[in-house]
Amino acid sequence: MPVPEIIAYTDGACSGNPGPGGWGVLLVAREGDRVLKERELKGGEPETTNNRMELMAAIKALEALDRPSEITIVTDSVYVRSGITDWLAKWKRNGWRTAGRKPVKNEDLWRRLDEAAARHTVHWKWVKGHAGHPENERADALARAGMAPFKKRRDGNGQG
């Protein structure tokens with residue numbers, strides 16, 4: 001029996017940068033063209049940045065898997081894709097310092113992503129955001145939904 005392909009479409013959103021933010025994940029298990037299962041995840045924070053929410057989406061996708069898996073993470077974040085594929089190994093070698101010897105921004109989340117990814121075989125794929133990619137658009141909608149309760153609180157438009 002073939003093992004299903006697992007794909008996570010991830011996105012982050014922020015209203016103001018920093019400001020209230022959200023992350024969203026569309027997890028899809030498929031066999032060929034047939035979708036076997038979909039799962040939506042979302043959440044947010046009252047004061048964060050877009051980059052932190054992009055990282056959180058990838059982290060939550062990997063942490064949602066209950067056993068080591070092969071997974072493709074699809075992100076529209078150049079920051080996440082470049083960070084995980086190009087910069088992370090250098091940062092670790094440099095004691096979590098950039099090439100300019102400055103502390104790595106969002107080190108806490110990069111460490112968490114590194115740890116979550118270590119349990120799996122992860123393939124990273126970048127797609128252009130807001131370009132009509134259906135699953136990326138769904139992940140974006142989930143991120144905005146994850147942000148909504150925090151945005152209402154900050155704007156004074158909701159219960160708090």
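The lining of the largest pocket in this predicted model divides into 10 nonpolar residues, one polar and six charged, where Ala, Val, Leu, Ile, Met, Phe, Trp, Tyr, Cys and Pro count as nonpolar, Asp, Glu, Lys and Arg as charged, and the others, Gly among them, as polar. Of the 17 lining residues, Ile6, Ala29, Leu65, Asp66 and Arg67 lie nearest the centre of the pocket, and strand β3 (34-48) gives the most to the lining, with four residues. A pocket here is an open set of points on a 1 Å grid over the protein atoms alone, where a 1.4 Å probe fits, with protein on both sides within 12 Å along at least five of seven lines, and lining residues have an atom within 4 Å of a point. Strands are DSSP runs of E of at least two residues and helices runs of H or I of at least four, numbered from the N terminus.

Ring pairs link Tyr79, Trp87, Trp91 and Trp110 into a cluster; rings of Phe, Tyr and Trp (its six-membered ring) pair if their centres lie within 6.5 Å, and planes under 30 degrees apart count as stacked, over 60 as edge-to-face and the rest as tilted.

The table gives relative accessibility (buried under 20%, exposed over 50%, partly exposed in between; 1.4 Å probe, protein chains only).

| Residue | Relative accessibility | Class |
|---|---|---|
| Trp87 | 33% | partly exposed |
| Trp91 | 10% | buried |
| Asp140 | 8% | buried |

Residues are numbered from 1 along each chain as its sequence is written. Local features need pLDDT of at least 70, side-chain atom pairs count only at pLDDT 80 or more, and totals for chains, interfaces and linings use all residues, while side-chain values use heavy atoms, with hydrogens and water left out.
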